[in-house]
Amino acid sequence: MSSKRVLAYILLILSIVLLAVLSVMLGTASHDDPSFIIIIKSIRLPRMLAAVILGGALSVSGYLLQVFFGNPIAGPFVLGISNGARLMTALALILLLDRGVHLSSLGLVAASFTGAGIATAAVLMISRRTRRMSVLVLAGVMIGYICSALTDFAITFADDHNIVNLHNWSMGSFSGMNMKGVVISAVLIFTGLIGAVLLKKPIGAYLTGEEYARSVGVNIQLFRFALILVSSLLSATVTAFAGPISFVGVAVPHLMRRLFRTSLPGCMIPACFLGGAAFCLFSDLIARLAFAPTELSISAVTAIFGAPVVIVVLMGRGARYE
């Protein structure tokens, strides 16, 4: 590994450490407040860990989708996958809460995974009919809008005492996370990351070309299924615990490619995780502190910083996919 890449990893890790400390220490509560330690342990620490774990997972998910579609704009939010996960999770919550049944964390992930799978299947059907990046992206955006509209429609008819929590979750937020949720999400995401690392060699061959991948023994159908399965697990876990978070899965992998000057999975998978963690920690700090005590949606902040990156990709490197 070159010294420049080692330096880039060190900078990412130092950024995460600095942002994590700021995330835990900064807020509206005074250090002299007797409940300050309790606030850190029960609210800020779980939220900071969620931003690290879920942000990193979302970025890796985006990288895997970009490999799958051979498309620099592919990502869970842009292709409507996050909104598909959001729709199924909201429906499961509403149907069960109306009957007095509380859905477990694993149940939330299962519902989210189902929605992500349905949205991904729709995108795959469209991708087989066109190779134009603009058409695929537009179709994904439309799928996302449809799922979002159906989610808003379902929330409108939820019981009054469920609407506030569902609305906050549906906008995307790391607030409300507790250590139990952090542990469960960490286990699921660690499982997904192991899957991504195990796919490192097939991804490297696939990036060289489908024919080359076949020539070195890669089972393309099985590889694609595994790639989608791992990506869906990562994005579904994020959506289940934090709601849909926009543009992280598209913007961060592109930024990491520019920073590390490579698309190879051995470098990109850890780089995307670290970059996604730093990006979401920074965005969450802005969301919490910019207009405190009023809190912004995390997706609003990630869109402000992530959408310009997508525009740059569309205007630059992405143009060759047309």
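The model is a predicted one. Its largest nonpolar core has 84 residues, and helix α2 gives the most to this core, with 18 residues. The structure also holds six salt bridges, and some of these share partners, so that E210, E211, R214 and R224 are joined into one network, as the cut-off of 4 Å between side-chain nitrogen and carboxyl oxygen defines such bridges.

**Nonpolar cores**

- Within the largest nonpolar core, the residues with the most contacts are L64, F69 and F174, and the helix that gives the most residues to this core is α2.
- Apart from that core there is a second, separate one of seven residues, among them I73, V78, V137 and V313.
- L64, when residues up to four places away in sequence are not counted, touches A196, I203, L227, V230, S231 and L234.
- As general background, nonpolar side chains tend to be buried together in soluble globular proteins.

**Helix α8 and its surroundings**

- Helix α8 spans residues 200–208, and its buried residues are I203, A205 and Y206.
- Seen down the axis of α8, these buried residues fall within an arc of 165 degrees, and they therefore line one face of the helix.
- The exposed residues K201 and T208 are carried on the face of α8 that is turned away from its buried side.
- The packing partners of the buried residues of α8 are α2 (36–69), α7 (179–198), α9 (210–215), α10 (220–242) and α12 (265–289); one of those buried residues, I203, is touched by L64.
- Just after α8 comes G209, which takes a positive phi of about 145 degrees.

**The salt bridge between R47 and E295**

- The side chains of R47 and E295 meet in a salt bridge, with an N to O distance of 2.7 Å.
- Because R47 lies in helix α2 and E295 in the loop between α12 and α13 (298–315), the pair ties together parts that are 248 residues apart in sequence.
- R47 is buried, because its relative accessible area of 7% falls under the cut-off of 20%, whereas E295 counts as partly exposed at 36% relative accessibility.

- R224 counts as partly exposed at 30% relative accessibility.

**L87 in helix α3**

- L87 lies in helix α3, which covers residues 81–97, and it counts as buried because its relative accessibility of 12% is under the cut-off of 20%.
- Leaving aside neighbours within four places in sequence, L87 is in contact with C147, L150 and T151.
- L87 and L19 are 68 residues apart along the chain, and their C-alpha atoms are separated by 32 Å.

How values were computed. Residues are numbered from 1 along each chain as its sequence is written. This is a predicted model: local features need pLDDT of at least 70, side-chain atom pairs count only at pLDDT 80 or more; totals for chains, interfaces and linings use all residues. Side-chain values use heavy atoms; hydrogens and water are left out. Helices (H or I, at least four residues) and strands (E, at least two) are DSSP runs, numbered from the N terminus. Buried means under 20% relative accessible area, exposed over 50%, partly exposed in between (1.4 Å probe, protein chains only). Contact means heavy atoms within 4.5 Å. The arc is that of the directions from the helix axis to the C-beta atoms. A nonpolar core is a set of buried Ala, Val, Leu, Ile, Met, Phe, Trp, Tyr and Cys residues joined through side-chain atoms within 4.5 Å.
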